[in-house]
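Please have your viewer open as you read.

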Amino acid sequence: MAKMLPDKPLCSVSKSTAKVWSILKDIQNGDLECRLSFPIDDIQRPEFLIIYKRKHVFLVAVGNASSDTLEH
């Protein structure tokens with residue numbers, strides 16, 4: 001399983017972010033570390049910092065658009 005920091009969200013997160021959290025957590029790879037950002041202020045920032053093999057880093061932002069919105 002991917003290592004999640006913190007183990008579970010410490011604050012309220014959007015439904016979309018919770019879904020991505022669950023998907024990341026279920027990845028069967030011990031080389032993957034995922035960190036959830038904390039809403040410190042009103043500045044918009046990516047929800048996840050993902051570190052793979054302590055070498056590669058990815059920032060992942062989660063949108064709240066519905067499938068219907070994306071199709072149009």
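## Terms and ground rules

Buried means under 20% relative accessible area, exposed over 50%, and partly exposed in between (1.4 Å probe, protein chains only).

This is a predicted model, in which local features need pLDDT of at least 70 and side-chain atom pairs count only at pLDDT 80 or more, whereas totals for chains, interfaces and linings use all residues. Residues are numbered from 1 along each chain as its sequence is written, and side-chain values use heavy atoms, with hydrogens and water left out.

## The chain as a whole

The chain holds two helices and four strands, which follow the order β-α-β-β-β-α from the N terminus. Helices (H or I, at least four residues) and strands (E, at least two) are DSSP runs, numbered from the N terminus. Of the 72 residues, 21% are buried.

Helix α1 spans residues 15-25, and its buried residues are Thr-17, Trp-21 and Leu-24. They lie on the same side of α1 because they cover an arc of only 70 degrees around the axis, taken from the directions from the helix axis to the C-beta atoms. An α-helix has 3.6 residues a turn, so residues three or four places apart point the same way.

The cover over the buried residues of α1 includes β1 (3-5), β2 (32-36) and β3 (48-52). On the face turned away from the buried side sit the exposed residues Lys-15, Lys-19 and Ile-23.

A polar atom of the Glu-47 side chain lies 2.6 Å from the backbone nitrogen of Val-62. Beyond its neighbours within four places in sequence, Glu-47 has contacts (heavy atoms within 4.5 Å) that include Thr-17, Arg-35 and Val-62.

## The nonpolar core

A nonpolar core is a set of buried Ala, Val, Leu, Ile, Met, Phe, Trp, Tyr and Cys residues joined through side-chain atoms within 4.5 Å. The largest one has 10 residues, among them Trp-21, Leu-24, Ile-50 and Val-62. At least two of its residues come from each of α1, β2 and β3, and β2 gives the largest share, three residues.

Methods:
Polar contact = N/O pair within 3.5 Å; in protein donor to acceptor, adjacent residues only side chain to side chain.
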